[in-house]
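Reader: I am new to this structure and would like to understand the words used to describe it. Could you go through them with me, setting each value beside the rule that it has to meet?

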Amino acid sequence: MVKFGGSDTSNSDDDTPLPYPKPLARSAFLTPDFSPTGFLSSLHNRHQTLEDLRSELRTRSQELNKELLDLVNDNYQDFLGLGGSLRGGEEKVEEVRVGLLGFKREVDTLKDKVEGRRKEVEGLLEERRAIAKEVRTGRELLEIDSRLEDLEERLMVGSNGAVNPAVNGDEDDFSTSESDDESDEDTPGTTIPLSRLRRRAQQFLYIKRLFAKTGPEHPFLIKQEERMMRIRQTILLDLSSALLQAVGQDDFSSKRTLNILGIYRDIGESGEALTAIRERR
């Protein structure tokens, strides 16, 4: 029992009635860090015996149990209704599952269509690149044919290999207004100007580069090998004639001789120049 202050010799104090303790507050039990030891320690100023405190706590426990029972009874019908509402949930879940499967099939169908369209576009792009390549090749072939025809006309070489050296098909070669200023290199009495020989060699080299760029294995270019051979032989014949004429003249033509040998070197036919000189001797 909790002892209260006061003296045994004071009769007036013994007759004073003790204050009745207030009921335990429910909020004291609702703290998150509730501790029984701490709770009992906070009751040191409470005018109440330990047995009375136990009795009050038992009463409070019974009241809480009764409140819980009343709460369950009051909401029992709601609990039963909740169970009944869940009873048909399987059908709704199945409907959702079927809907998701249908949506997945639609997504897969769209993915297949997109993939098919992507492959179709890739095929079209590849076809476009192939067509563009064929167009470039066609233009290169047309340019080769045009340049071959032009060079054949200038060299007086027909498509059947006939040569007419008496006809001058490029009269401007003898014009005194040559842009490369090579008229001073031509010796009086020579039949073929050096400027003409050099231009024909350059044209021949350019056509050979076009052959290499387009691909010499192309069927059209294979058929043009015979024309290229005739042009080569005609150019070598002109160079040989010019070289032999230059070698047979005096020192005035030594510069012309070196220039002719340079043309041989440019077209990769230096061996033909040595052959022509040996035959001259």
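Author: Let us begin with burial: a residue is called buried under 20% relative accessible area, exposed over 50%, and partly exposed in between, with a 1.4 Å probe and protein chains only. The model is a predicted one, in which local features need pLDDT of at least 70 and side-chain atom pairs count only at pLDDT 80 or more, while totals for chains, interfaces and linings use all residues. Residues are numbered from 1 along each chain as its sequence is written, and side-chain values use heavy atoms, with hydrogens and water left out.

Reader: Why is Phe204 called buried?

Author: Phe204 has a relative accessibility of 6%, and buried means under 20%, so Phe204 counts as buried. Phe204 is placed in helix H6, where a helix is a DSSP run of H or I with at least four residues, a strand is a run of E with at least two, and the numbering starts from the N terminus.

Reader: Which residues does Phe204 contact, leaving aside its neighbours within four places in sequence?

Author: Contact means heavy atoms within 4.5 Å, and on that rule Phe204 is in contact with Leu151, Met228, Ile231, Arg232 and Ile235. For Ile231, which is 27 residues apart from Phe204 in sequence, the C-alpha to C-alpha distance is 7.8 Å.

Reader: How do you know that Ile192 is buried, and where does it lie?

Author: Ile192 has a relative accessible area of 13%, and the limit for buried is under 20%, so Ile192 is buried. Ile192 lies in the loop between H5 and H6. Not counting residues up to four places away in sequence, Ile192 touches Leu197, Asp238 and Arg256.

Reader: What makes a set of residues a nonpolar core?

Author: The term stands for a set of buried Ala, Val, Leu, Ile, Met, Phe, Trp, Tyr and Cys residues joined through side-chain atoms within 4.5 Å. The largest such core here has 30 residues, of which Leu239, Ile260 and Tyr264 touch the most other members. The elements that give two or more residues to this core are H5, H6, H7, H8 and H9, and H7 gives the most, with nine residues. In soluble globular proteins, nonpolar side chains tend to be buried together.

Reader: How many cavities of 30 Å³ or more does the structure hold, and why is such a space called a cavity?

Author: The structure holds one. On a 1 Å grid over the protein atoms alone, a cavity is a set of points where a 1.4 Å probe fits but cannot get out, and its lining residues have an atom within 4 Å of a point. Its volume is the space filled by probe spheres set on the points, which are joined across faces, edges and corners, and about 40 Å³ lies in the largest cavity.

Reader: Which residues line the largest cavity?

Author: The lining consists of Leu155, Ile192, Arg196, Leu197, Arg200, Ile235 and Asp238, and H6 gives the most to it, with three residues. By class there are four nonpolar, no polar and three charged residues, where Ala, Val, Leu, Ile, Met, Phe, Trp, Tyr, Cys and Pro count as nonpolar, Asp, Glu, Lys and Arg as charged, and the others, Gly among them, as polar.

How values were computed:
On a 1 Å grid over the protein atoms alone, a cavity is a set of points where a 1.4 Å probe fits but cannot get out, and a pocket is an open set with protein on both sides within 12 Å along at least five of seven lines; lining residues have an atom within 4 Å of a point.
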